[in-house]
Amino acid sequence: MLFCDLLSTGRGVTALIGGGGKTTAMYTLARELSPRGTVLCCTTTRILPPDHLPVLLSPGEEAVSAALADHGCACLGTPAENGKLSAPELPMARLAALADYVLVEADGSRGLPVKAHLPHEPVIPPEARRTILLAGASAFFRPAGEAVHRPEQFCRLTGAAPTDPVRAENLASLILGEGLGDTIFINQAESGEALREARRLAALLPLPLFAGALQRGEWTCLS
């Protein structure tokens, strides 16, 4: 099954938040959705521009339409420091009118597998019809102080200490306490031990939860 079908990714704006594979998930979805319609990839925070897609820097609507007509899929944003892209200048509602699918990386985690959010995070567009929360299974059994971006917030919300390992129970407490995603994907679940912990997490959450390894192209439904 394709990743986009596993997650029932529909037309309109889809936001990806959390840690442990947002960028890979965004481009996996873009590749799979392209045969079904036009796709735009962007961010509301900061991302590095891809080298496998046309990149549009502060384009107008005509330039976006032309790129989609020529290529079917493109990435757009505003030039930012260190060669990165920030949010597009065009409003999200206009992007959703120009493309069949708009995929938005709406969070930053500094490369760590789990993200705990401050009140102003993540930057989810109000137009988002689906918000996919990712976490990396590489966080399981590691101390929260090492595996979590904003560990002090993680500890405040879950009652864990920085030296406590990330487990299904405290990750579930974080997800339920924040209430940010409507779909959960546990990435980096490449071992039996990681999948077992992901299954324990699925049993603790009233949300659809999927797990797998995006780099390997492997995924499954756990709830």
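Residues are classed as buried at under 20% relative accessible area, as exposed at over 50% and as partly exposed in between, with a 1.4 Å probe and protein chains only. The structure is a predicted model, in which local features need pLDDT of at least 70, side-chain atom pairs count only at pLDDT 80 or more, and totals for chains, interfaces and linings use all residues. Residues are numbered from 1 along each chain as its sequence is written, and side-chain values use heavy atoms, with hydrogens and water left out.

The structure holds 12 salt bridges, a salt bridge being a side-chain nitrogen of Lys or Arg within 4 Å of a carboxyl oxygen of Asp or Glu. Helices (H or I, at least four residues) and strands (E, at least two) are DSSP runs, numbered from the N terminus. Glutamate 197 is buried, with a relative accessible area of 3%. Its side chain meets that of arginine 167 in a salt bridge of 2.8 Å, N to O. Arginine 167 lies in the loop between H6 and H7 and glutamate 197 in helix H8 (residues 192-204), so this pair ties together parts 30 residues apart in sequence. Glutamate 197 also forms a salt bridge with arginine 200, the closest N and O atoms being 2.7 Å apart. These two residues both lie in H8, three residues apart, about one turn of the helix. Arginine 167 is partly exposed at 30% relative accessibility, and arginine 200 is partly exposed at 33%.

A further salt bridge joins glutamate 61 to arginine 94, with the closest N and O atoms 2.9 Å apart. This pair links distant parts of the chain, from helix H3 (residues 61-71) to helix H4 (residues 92-98), 33 residues apart.

Glutamate 32, in helix H2 (residues 22-33), is buried yet has no salt bridge. Leaving aside neighbours within four places in sequence, glutamate 32 is in contact with Leu2, Phe3, Cys4 and Trp219, contact meaning heavy atoms within 4.5 Å.

In helix H6 (residues 151-158), Gln153, Phe154, Cys155 and Thr158 are buried. The buried residues of H6 pack against helix H5 (144-147), strand E9 (148-149) and H7. Just after H6, glycine 159 takes a positive phi of about 80°.

Technical notes:
Lys and Arg count as positive and Asp and Glu as negative; His and the chain ends are not counted.
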